[in-house]
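Thank you all for coming; I would like to take a few minutes to walk through one structure with you. Please have a look at it on the screen before I go on.

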Amino acid sequence: MATEDDPAVLRIGELARRVAVSQDVLRAWERRYGLLKPARSAAGFRLYTGADEQRVRRMQAHLAGGLAAAEAARAALDEDDRAAAAAAASAGEPALGEPTEDVAVELVGATTGGELRRLAQRLRRALDELDEPAAQQVLDRLLADFTVETALREVIVPYLRELGDRWAAGTTSVATEHFASNLLRTRLASLALGWGQGRGPIAVLACPPGERHDLPLLASGVLLHRNGWRIVYLGADTPVAELAQTVADKHPDTVVLAAVTPDRFNDCVGDLIPLARTAPLRLAGAGATADVAAAIGVTVLAADPVTEARRLTPGR
Ligand code: B12
């Protein structure tokens, strides 16, 4: 925590001079985007650290690279989160999502990696206990302190995978799995409000017939919208003819079809081949194997939703 006596600590005037950004703009970036969270002196003055200065410089670099202010701030904050998580990992902390003792979690809680791990464990416990208010509280905190990208990659996706493993091993109930996936789905859907707005490229997102796992697709939509895309979301179990009609109506810049098993794609490969000739179709999810993609004549988004949302976005 920065204190006024520390010679490395900066007041707002000094920070503004160093980065050549006005004090008003620095305060606006703090208020609007949470880019800075300065400590306060006894007299209430904002106190900044070298890390704050670096974050402002990264935001400026992203602005210079053409990102809108909100996206530039998010990118700068995300880089901070990742650097802190990497530092925590190289300091020997256990992987995120691993169940750990509360005491150990408290000891590393001062670091960003420790904070993420503590939130992951609290989320797991709340969901296991079917405790909706506690789970929402953890998610509130997670989304206030970290970007959606970090929350998804470091906490929510690892949790879902671990939940699936426990379900397959018979060590968690179907009730817990349904409760958890419905709660997370509702929360992700709330981040999707308004994702059809804007002037960006259009993405149509769907799962093939019979596929009900739409959580990663929903997450991808949220991330794509944060990168400037407009989303047309058809979601789970979409008939190919309906998808084709939507493509004809909306003229999307990309169409992503996601499934957990290749069978879902194989079952409709005959309908997907003609669609792939007229639409910018891509496959995603664990079911999007190289074989199935080759049979349809399309490419695969093989990485995680955070990485693929960035790769798909023009100019990123
Ligand atoms: C939640 C859940 C459900 C929920 C889905 C709710 C919803 N609306 O999505 C419900 C209850 C409906 C469900 C049902 C079933 N499920 Co289920 N489910 C899960 C669970 C726990 C989480 C799924 C999830 O969201 N994962 C998070 C994603 C992000 O992780 P991921 O799939 O590993 O994806 C990675 C990449 O592939 C990529 N990716 C994935 N999708 C996309 C999309 C885009 C656009 C991009 C860019 C990237 C990307 O990013 C991820 C990170 O790298 C998984 C466990 C697991 N390991 O995932 C089981 C799991 C997928 N389910 C499984 C099974 C067996 C079923 C059922 C058959 C169970 C049954 N007997 O009824 C049914 C099938 C329903 C159907 N017809 O589709 C198995 C599948 C095994 C297999 N390969 O065949 C799993 C793996 C559980 C297990 N360990 O056995 N399930």
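How many residues line the largest pocket, and which of them lie nearest its centre? Before I answer, please keep in mind that what you see is a predicted model. The lining consists of 49 residues, and those nearest the centre of the largest pocket are L160, H213, L215, P216 and V260. The space inside the largest pocket comes to about 1,500 Å³, and the ligand takes up the space of this very pocket.

By residue class, the lining of the largest pocket has 30 nonpolar residues, nine polar ones and 10 charged ones. Helix 8 provides the largest share of that lining, with 10 residues, while helix 9, helix 10, strand 5, strand 7 (299-301) and helix 15 are also among the elements that each supply at least two residues. If we think in domains instead, domain 2 (101-188) and domain 3 (197-312) each contribute at least three residues to the lining of the largest pocket.

Now I turn to the ligand itself. There are 30 residues around the ligand, and of these R161, G210, R212, H213 and D214 come nearest. This shell divides into 13 nonpolar residues, eight polar residues and nine charged residues. Helix 8, which spans 148-169, gives the most to the shell, namely six residues, and helix 9 (174-191), helix 10 (215-226), strand 5 (254-258) and helix 15 (305-312) each supply at least two.

On the side-chain side, a polar atom of D214 is 2.8 Å from a nitrogen atom of the ligand. On the backbone side, a polar atom of G164 lies 3.1 Å from a nitrogen atom of the ligand, and a backbone N or O atom of A286 is 3.3 Å from an oxygen atom of the ligand.

Definitions and conventions: Residues are numbered from 1 along each chain as its sequence is written. This is a predicted model: local features need pLDDT of at least 70, side-chain atom pairs count only at pLDDT 80 or more; totals for chains, interfaces and linings use all residues. Side-chain values use heavy atoms; hydrogens and water are left out. A residue is near a molecule or strand if one of its heavy atoms lies within 4 Å of it. A polar contact is a pair of N or O atoms within 3.5 Å; within protein, one must be able to donate a hydrogen and the other to accept it, and residues adjacent in sequence count only if both atoms are side-chain atoms. On a 1 Å grid over the protein atoms alone, a cavity is a set of points where a 1.4 Å probe fits but cannot get out, and a pocket is an open set with protein on both sides within 12 Å along at least five of seven lines; lining residues have an atom within 4 Å of a point. A molecule sits in a cavity or pocket if more than half of its atoms lie within 2 Å of its grid points. Helices (H or I, at least four residues) and strands (E, at least two) are DSSP runs, numbered from the N terminus. Ala, Val, Leu, Ile, Met, Phe, Trp, Tyr, Cys and Pro count as nonpolar, Asp, Glu, Lys and Arg as charged, and the others, Gly among them, as polar. Grid points are joined across faces, edges and corners, and a volume is the space filled by probe spheres set on the points. Domain bounds come from an automatic or database domain assignment.
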